[in-house]
Amino acid sequence: NGITLLERLKIIRSNMDKDCLSSKITDIFILGSGMVGLSIAYQLKEKYPSLTITIVDKEPEVGLHSSGRNSGVLHAGLYYQPESLKAKVCVKGAKRLRNWCENERLPILNCGKIITPQKPELDGQLEVLLKRGQENGAVVELIDQQQFNELAPDGRTSSGRALWSPGTCVVKPILVIQRLKQRLQEQGVKFIMSEKQWKIEPTKREAMLDDKIKISYGHLFNCTGLQADRVAHQFGVGKEYTMLPFKGSYWQLREDTPFEFNTNLYPVPDLDVPFLGVHVTPSIDGVTYLGPTATPALGRENYSGLQGAEPLMMLKFMQHMATQIMIDKKMRNYFYDQAFEWLPHKFLRAAQSIIPKLKMSHIKRSKKVGIRPQLYNKIKRELVQDFVMLHGNHSTHIINAISPAFTASFELADYILDNSNLTI
């Protein structure tokens, strides 16, 4: 309404019950302690050190969901349509996060990335990716068979060409998130964890926590990842969206396998769907991962078996997917090519398209698994490819914060702050 955050907070204070010892006030209230929420807090503290910031999460520790379970690859920015939000923030975001990790002396694996056509007819997509990468400001080049063999002797290019991204690196996500939390606490940011039953009253700008503590806030940021659409709906925004969870399961090379990968090896992706296909990722810990899959999950936090299963959600998921498969050729392609890669023989076949000599005896299932919170527009009946930011009552909602949200987090946070209805 044209008033500053400070003026808003004065109004809130004047309306608070002076006798209520359980009431607290904070300038900024952030729901979710994943990478996006922490990055918003970090950038706010960099710009406005005196702001009070409170972060609340339903889990006992940071990084237990998408942010702490991703591959750790800091993406170069090759895949994204120029002028998309992903394209605008990925390249600069990767550089900023990498520099931050270097300054914090966190481990970084400088391994680069190859994108290889698993079928000869996909060779032309290399030109598309090269052009996109260059337009987005990424450092990328075409390489020939000899260069490919030097970089990935156990891999395969079906056409004798591939793309090489020398600046792509790998970090350990959980270490990044934990260090970021530490730095925020040092700057006075308040963390309230294990809050599973908090409730929001948007019109009053109040949150009631499990222990009956009431928090009044000046502005709220919804960074709840897998639950972001549900939280946004409480503010009356984004009701055309729902989240479709896709499970990303990994396998890994056994210690005694004859293969060694010192770089990321990715297949050429289908640019019409938001999944990159089974790929090879070396890690900080020395484990070489293969994956992830992109198979429908039984729930938003369905990491294992029936744990976290949501029957009603799954029914709606199947209805949306059935509609997409009927009307959308690219989703039919996804269904036939990737939806069943949780089956070992299907997974192996996908991996063999870029590692032809790979056998089932060379790999084992990994404990690493994540859920991709893929946004779906129920009105347009399509999967949403880009990040989405919505405005509510004194609130900003970041939904569809999928890859490369971790990579781009610092730059994305600045974009969010610059484009929020936040006056300080």
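Lys364 is partly exposed, at a relative accessible area of 26%. Here buried means under 20% relative accessible area, exposed means over 50%, and partly exposed lies in between (1.4 Å probe, protein chains only). Lys364 forms a salt bridge with Glu255, with the closest N and O atoms 3.5 Å apart. Glu255 is exposed, at 67%.

This is a predicted model, in which local features need pLDDT of at least 70, side-chain atom pairs count only at pLDDT 80 or more, and totals for chains, interfaces and linings use all residues. Residues are numbered from 1 along each chain as its sequence is written, and side-chain values use heavy atoms, leaving out hydrogens and water.

**Salt bridges**

- Side chains of opposite charge can pair when their charged atoms come close.
- A salt bridge is counted when a side-chain nitrogen of Lys or Arg lies within 4 Å of a carboxyl oxygen of Asp or Glu.
- By this rule the model has 16 salt bridges.
- Asp229 and Arg300 meet in one of them, at 2.5 Å from N to O. This pair links distant parts of the chain, 71 residues apart: Asp229 is in helix H8 (residues 228–234), and Arg300 is in the loop between strand E17 (295–296) and helix H9 (311–327).
- Helices (H or I, at least four residues) and strands (E, at least two) are DSSP runs, numbered from the N terminus.
- Asp229 is buried, with a relative accessible area of 1%. Arg300 is buried too, at 3%.
- Asp123 forms a salt bridge with Arg161, the closest N and O atoms being 2.9 Å apart. These residues are 38 apart in the chain: Asp123 sits in the loop between strand E5 (113–116) and helix H5 (124–135), Arg161 in strand E7 (residues 161–165).
- Asp123 is buried at 16%, whereas Arg161 is partly exposed at 24%.
- A network of salt bridges links Lys47, Arg96, Glu411 and Asp414.

**Helix H2**

- Helix H2 (residues 35–47) has 13 residues.
- From first C-alpha to last, H2 reaches 18 Å, close to the expected 18 Å. The expected span is 1.5 Å times one less than the number of residues.
- H2 is mostly covered, with eleven of its 13 residues buried. Among them are Met35, Leu38, Ile40 and Leu44.

**Strand E14**

- In a regular strand the side chains alternate between the two faces of the sheet.
- Both faces of E14 are covered. Asn264 and Tyr266 are buried on one side, Leu265 and Pro267 on the other.
- E5 and E14 pair in the parallel sense over four bridges. Two strands pair if DSSP finds at least two bridges between them.
- Pro267 in E14 is the bridge partner of Thr116.

**Nonpolar cores**

- In soluble globular proteins, nonpolar side chains tend to be buried together.
- A nonpolar core is a set of buried Ala, Val, Leu, Ile, Met, Phe, Trp, Tyr and Cys residues joined through side-chain atoms within 4.5 Å.
- The largest core has 42 residues, and Ile40 and Phe221 have the most contacts inside it.
- Several elements each supply at least two residues of this core, including H2, strand E1 (23–31) and helix H12 (405–418). H12 gives the most, with eight residues.
- Not counting residues up to four places away in sequence, Phe221 touches several residues, including Ile28, Ile40, Leu44 and Ile416. Contact means heavy atoms within 4.5 Å.
- A second, separate core of 24 residues includes Ile192, Ile213, Phe235 and Leu390.
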